[in-house]
Amino acid sequence: MFQLGKTIVSEEILEKEFVCNLSACKGACCVDGDAGAPLDKDEVAILEKIYPIVKPFLRPEGVASIEEQGTSIVGSDGDLETPLIDGADCAYVIFDGSTALCGIEQAYNQGLVDWKKPVSCHLYPIRVKDFSDFAAVNYHRWHICDDACSLGKELEVPVYKFVKEALVRKFGSDWYAELEKVAEELKK
């Protein structure tokens, strides 16, 4: 672990390798698990604002879940998250054949919204836990991502490089530049 500003960072994000392999996992992270995608407080207002634009991209069961539960919910652990459809799929999930995709991201890709998706989804396999004085930045292992770990190893792409755009989005370009310096120092 090392400190960058107000973050405590796990060295695993520099050491482990990862590249999403959507053709292998079929977007399982959007449909597996027992909770929705973690949300930051400011993302709740964003979801409320963009929902009317994103709604046409969503499946009827996703729309029904959102309209029943809200665009975000407080999960059983007390944290903010996206609602689920019958306790399984994220309400914002759509499918391209058998592959789960994000309806929010589809609206973003078409230029209809300027918010890609929840930062927790964008950052995966990195999870950020906020504490009063700092944020913990950790690598999260999930068996459904074994193919992503294999592809990352094959392509020699460390986690922090794979999620560069998301890390810059969350912490800023200066923070990421400092992270790169630490990574270079560890290589020596």
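## Aromatic pairs

The structure holds four aromatic pairs, where rings of Phe, Tyr and Trp (its six-membered ring) pair if their centres lie within 6.5 Å. This is a predicted model, in which local features need pLDDT of at least 70 and side-chain atom pairs count only at pLDDT 80 or more, while totals for chains, interfaces and linings use all residues. Residues are numbered from 1 along each chain as its sequence is written, and side-chain values use heavy atoms, with hydrogens and water left out.

One of the pairs is Phe131 with Phe134, which is stacked, at 5.0 Å centre to centre and 25° between the planes. Planes under 30 degrees apart count as stacked, over 60 as edge-to-face and the rest as tilted. Phe131 has a relative accessible area of 45% and is partly exposed; Phe134, at 35%, is partly exposed. Buried means under 20% relative accessible area, exposed over 50%, and partly exposed in between (1.4 Å probe, protein chains only).

Another pair is formed by Tyr160 and Tyr176, whose ring centres are 6.2 Å apart with the planes at 40°, so this pair is tilted. Tyr160 belongs to helix 8 (residues 159-162) and Tyr176 to helix 10 (residues 173-187), so the pair ties together parts that are 16 residues apart in sequence. Helices (H or I, at least four residues) and strands (E, at least two) are DSSP runs, numbered from the N terminus. Tyr160 is buried, with a relative accessible area of 2%, and Tyr176 is buried with a value of 2%.

Four strands form an open sheet in the order 1-2-8-7, with mixed pairing. Two strands pair if DSSP finds at least two bridges between them. Strand 1 (2-4) and strand 7 stand at the edges with a single partner strand each, so one side of each is left without a neighbour in the sheet. Neighbouring strands are turned by 25° against each other on average, direction ignored.

Strand 1 and strand 2 run antiparallel and are joined by three bridges; Leu4 has Thr7 of strand 2 as its bridge partner. Strand 2 (residues 7-9) also pairs with strand 8, in the parallel sense over three bridges, and here the bridge partner of Thr7 is Ala135. Ala135 of strand 8 is the bridge partner of Asp130, and the two strands form a hairpin with four residues between them. Four of the five residues of strand 8 (residues 135-139) are buried, so this strand is largely enclosed by the rest of the structure.

Contact means heavy atoms within 4.5 Å. Axes are lines fitted to C-alpha atoms, for helices over the stretch in contact, and angles run from 0 to 180 degrees between N-to-C directions.

Helix 9 (residues 164-171) and helix 10 pack at an angle of about 125°, with their axes 7 Å apart. That makes helix 9 oblique to helix 10; angles under 35 degrees count as roughly parallel, over 145 as roughly antiparallel, 65 to 115 as roughly perpendicular and the rest as oblique. Lys164, Leu167, Val168 and Phe171 of helix 9 make the contact with Ser173, Trp175, Tyr176 and Leu179 of helix 10. Tyr176 is also the residue paired with Tyr160.

## Cysteines

The count of disulfides comes to zero, a disulfide being a pair of cysteine sulfur atoms within 2.5 Å. For Cys20, the nearest cysteine sulfur is that of Cys25, 6.3 Å away; Cys20 is partly exposed, with a relative accessible area of 45%. For Cys102, the nearest cysteine sulfur is that of Cys121, 6.3 Å away. Cys102 is buried, at 14%.

## Backbone exceptions

Most residues other than glycine have a negative phi, and most peptide bonds are trans. A cis peptide bond joins Tyr124 and Pro125, with omega about 25°. Pro125 is in the loop between helix 6 (119-123) and strand 7.

Asp86 has a positive phi, near 50°. This residue is found in the loop between strand 4 (80-81) and strand 5 (93-96), and Asp86 counts as exposed at 78% relative accessibility. Glu156 has a positive phi of about 60° and lies in the loop between helix 7 (146-155) and helix 8. Glu156 is exposed, with a relative accessible area of 62%.
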